There are 2 protein chains.
Amino acid sequence: MFRLDIAEVAHQSGFPPSTLRFYEKRGLITSDGRQGLRRQYDDGVLTRLALIALGQRAGYSLDEIATLLRLKEGELDLSRTELQSQATTLRAKAKELQATADLLDHIAACSAPSHLECPRFKALLRDPRITGRTG
Amino acid sequence: MFRLDIAEVAHQSGFPPSTLRFYEKRGLITSDGRQGLRRQYDDGVLTRLALIALGQRAGYSLDEIATLLRLKEGELDLSRTELQSQATTLRAKAKELQATADLLDHIAACSAPSHLECPRFKALLRDPRITGRTG
DNA sequence: TGTTGACTTAAACCTCACTTCAAGTTGCAC
DNA sequence: GTGCAACTTGAAGTGAGGTTTAAGTCAACA
């Protein structure tokens, strides 16, 4: 464990200082002491920040991440079922993006004179699933 | 072409009336006339709303969608290259989500006594790509 | 001693996509 | 002519995830 000041953490983690202060206010990270006014961190904060970044990619809100990180200091105690369920959610989102990408490619390639005349496109526009809504 | 009032459009499109008024203010749709105070639409608005929903799924902002929809009244004149490039972006996002899902599954299944001791997890946390940042 | 330059703070501001609010209007049933 | 639901308006509020600003503080260097 060695100590880093805010500029160092910003540089190594890629998060700007404003974000580090914001995260501290939100209870996601802690600084331990100051040199003059400058926050000092121990190097564990870098792991914590990496976990935060991962949490964000995994679709958790900062509040959720804060809760997860508070559960055990230094340890991570995530429910395995919860992780799998989140993975399933992410896969569903990934598939939706894929499907949309395929549609865009089809529209780009379609030989119909105008996009709105493409039969597949017209069919999709009538498909209630296109909106992701129930109406 | 037949006419629908706002409640009907809301019901058929799945967008709440507040959103329809909001979209009108933003220039995404137009109502043509009123019956009393109630906005009346012609049924073309439903196609337009489906296009808006698709645009959102495809990752465009409302401003971008508004611009695209204004290009040609009733027609859609999207650059095919632009569509393909957007499709590529979506596929990249989809892959990122997949990768994150795989990681979550691995963490859930990993036999290491604590998540932070899982070698693959530790390695990933050190990987700068985990943050999606350059720092 | 004085001036940088990098930090500090609280609070305001930002974008996006809407929703909610308060006050007013309309059509229709009774 | 009264009641009422469903609309109307502009303006303000929401929530997520920050960034920016203004005013202040500090260590170091000349």
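In the predicted model, A:Leu4 has A:Tyr41 of strand 3 of chain A as its bridge partner. The strands concerned, residues 3-5 (strand 1) and 38-42 (strand 3) of chain A, pair in the antiparallel sense over three bridges, where pairing requires at least two DSSP bridges between two strands. Strand 3 of chain A also pairs in the antiparallel sense, over two bridges, with strand 2 (residues 34-35) of chain A, and here A:Arg34 has A:Arg39 as its bridge partner. Strands 2 and 3 of chain A form a hairpin with two residues between them, and A:Gly36 in the turn has a positive phi of about 70°. Helices (H or I, at least four residues) and strands (E, at least two) are DSSP runs numbered from the N terminus.

Around DNA strand D there are 17 residues, of which A:Thr19, A:Gln56, B:Arg21, B:Leu37 and B:Arg39 come nearest; a residue is near the strand if one of its heavy atoms lies within 4 Å of it. Helix 2 (17-25) of chain A supplies the largest share of this surface, four residues. Of the DNA strand D atoms within 4 Å of the protein, 82% belong to sugar or phosphate and the rest to bases.

Residues are numbered from 1 along each chain as its sequence is written, chains are lettered from A and ligands numbered from 1 in the order in which they are written. Local features need pLDDT of at least 70 and side-chain atom pairs count only at pLDDT 80 or more, whereas totals for chains, interfaces and linings use all residues, and side-chain values use heavy atoms, with hydrogens and water left out.
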